[in-house]
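Let's work through some exercises on charged side chains in a predicted model. Have the structure open and try each task before reading its solution.

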Amino acid sequence: MNIEVRYFTRGGNTKKLADTIAQAAGVTAKPISTPVEIETDLLFLGASVYAAGVDAAMHAFINTLNPQLVHKVAVFSTAAIKKSAYPQVQKLLNTKGISVLEKEFCCRGQFAMLHRGRPNAQDLAQAFAFAKDIIEKGV
């Protein structure tokens, strides 16, 4: 199975998850500035949630995805206040005709004084397990 990991982060929270998920998948996490140009069975896509939702850069990246190349996406995210990036990212991907797994991973991310130290070791262990579970199921 060909797996890719892409992420967007401003403060580094989502990058921590991306690196952990990539480690579980045996690949390298790359920022969304790196396009997906090869056939990808599973794309782990990481977004950060801000007050207005996911960043415009994530919208632009999703618009570049080719449904002929990207077969399925697993969403992961960090958020200080909102619950998850999943609904917004899923809607954007579905508009492109790209299938999104129902299972997602989201944890708190540090923002200013909120959620200091997050994602923490427990969050990263859960992100690793999330990725391994999806990969082992061959989704």
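**Exercise 1.** Find the distance at which the side chains of Lys15 and Asp19 meet, and say where the two residues lie.

*Solution.* Start with the contact: Lys15 and Asp19 form a salt bridge, at 2.7 Å from N to O. Finally, check accessibility: Lys15 is partly exposed at 34% relative accessible area, and Asp19 is partly exposed at 32%.

**Exercise 2.** Which parts of the chain does the salt bridge between Arg10 and Asp55 link?

*Solution.* First, the closest N and O atoms of Arg10 and Asp55 are 2.5 Å apart. The pair links distant parts of the chain, 45 residues apart: Arg10 is in the loop between strand E1 and helix H1, while Asp55 is in the loop between strand E4 and helix H2. Now classify each end. Arg10 has a relative accessible area of 56%, so this residue is exposed, being over 50%. Asp55 has 15%, so this residue is buried, being under 20%.

**Exercise 3.** Describe the salt bridge between Asp133 and Lys103, then name the network that includes them.

*Solution.* Begin with the distance: the side chains of Asp133 and Lys103 meet at 2.4 Å, N to O. Asp133 lies in helix H4 and Lys103 in the loop between strands E6 and E7, 30 residues apart, and the pair links distant parts of the chain. Asp133 is partly exposed at 23% relative accessibility, and Lys103 is partly exposed at 38%.

Conventions
Residues numbered from 1 in each chain as written. Predicted model: local features only at pLDDT ≥ 70, side-chain atom pairs only at ≥ 80, totals over all residues. Heavy atoms only, no water. Salt bridge = Lys/Arg side-chain N within 4 Å of Asp/Glu carboxyl O. Helix = DSSP H or I, 4+ residues; strand = E, 2+ residues; numbered from the N terminus. Buried < 20%, exposed > 50% of the residue type's maximum accessible area, 1.4 Å probe, protein only.
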